[in-house]
Amino acid sequence: MGSWDSARHRLLIGDIWVDNLTTDELVHEIIQRARRGVPSRVFYANAHCVNVAAWDQDYRAILLAADVVYPDGYGVILASRILGEPLRARVTASDCFVDFCKASAVERIRLFLLGASPAVVEAAA
């Protein structure tokens with residue numbers, strides 16, 4: 001059996017805690033934090049993240065200090081099954097991005113899109 005934190009609904013996989021969230025729950029969690037004005041650190045965990053966290057103490061510390069670490073990758077889902085505590089869903093940023101943007105618009109939460117030319121950002125918006 002894996003180490004399970006039932007109060008936070010998360011599972012210890014390797015050296016990091018992974019939240020047992022569905023895509024809808026992740027979107028809801030981030031929106032609620034934004035509505036309350038709570039600065040939050042949200043990261044994903046896949047097999048590579050778990051492996052890096054095993055030998056990179058700085059990276060591990062960042063993940064352990066996160067407010068949310070969602071399960072992104074079948075390796076993490078498989079590990080949860082092997083540990084006897086299956087996570088409910090694989091969640092990816094690309095799967096939840098449109099829903100997150102829609103929910104942000106409904107809640108009137110502003111988004112900042114970084115990393116592209118103004119024309120690409122405008123098209124994405």
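Is Asp15 buried, partly exposed or exposed? Asp15 is partly exposed, with a relative accessible area of 34% (buried means under 20% relative accessible area, exposed over 50%, partly exposed in between, with a 1.4 Å probe and protein chains only). The model is predicted, so local features need pLDDT of at least 70 and side-chain atom pairs count only at pLDDT 80 or more, while totals for chains, interfaces and linings use all residues. Residues are numbered from 1 along each chain as its sequence is written, and side-chain values use heavy atoms, with hydrogens and water left out.

**Packing of helices H1 and H5**

- Helix H1 (residues 23–35) and helix H5 (residues 93–106) have axes that come within 10 Å and cross at roughly 40°.
- This angle makes H1 oblique to H5 (under 35 degrees counts as roughly parallel, over 145 as roughly antiparallel, 65 to 115 as roughly perpendicular and the rest as oblique).
- Axes are lines fitted to C-alpha atoms, for helices over the stretch in contact, and angles run from 0 to 180 degrees between N-to-C directions.
- Helices (H or I, at least four residues) and strands (E, at least two) are DSSP runs, numbered from the N terminus.
- From H1, Thr23, Asp24, Leu26, Val27, Ile30 and Ile31 meet Asp95, Cys96, Asp99, Phe100, Ala103 and Ser104 of H5 (contact means heavy atoms within 4.5 Å).
- The residues of this contact divide into seven nonpolar, two polar and three charged (Ala, Val, Leu, Ile, Met, Phe, Trp, Tyr, Cys and Pro count as nonpolar, Asp, Glu, Lys and Arg as charged, and the others, Gly among them, as polar).

**Salt bridges**

- The structure holds seven salt bridges (a side-chain nitrogen of Lys or Arg within 4 Å of a carboxyl oxygen of Asp or Glu).
- Asp15 pairs with Arg60, the closest N and O atoms being 3.8 Å apart.
- Asp15 lies in the loop between strand S2 (10–13) and strand S3 (16–19), and Arg60 in helix H3 (residues 57–64), 45 residues apart.
- Arg60 is partly exposed, at a relative accessible area of 21%.
- Asp67 forms a salt bridge with Arg33, with the closest N and O atoms 4.0 Å apart.
- Asp67 lies in the loop between H3 and strand S5 (68–71) and Arg33 in helix H1, so this pair ties together parts that are 34 residues apart in sequence.
- Asp67 counts as buried at 19% relative accessibility, and Arg33 counts as buried at 14%.
- Glu107 forms a salt bridge with Arg35, the closest N and O atoms being 2.9 Å apart.
- Glu107, in the loop between H5 and helix H6 (118–124), and Arg35, in helix H1, are 72 residues apart.
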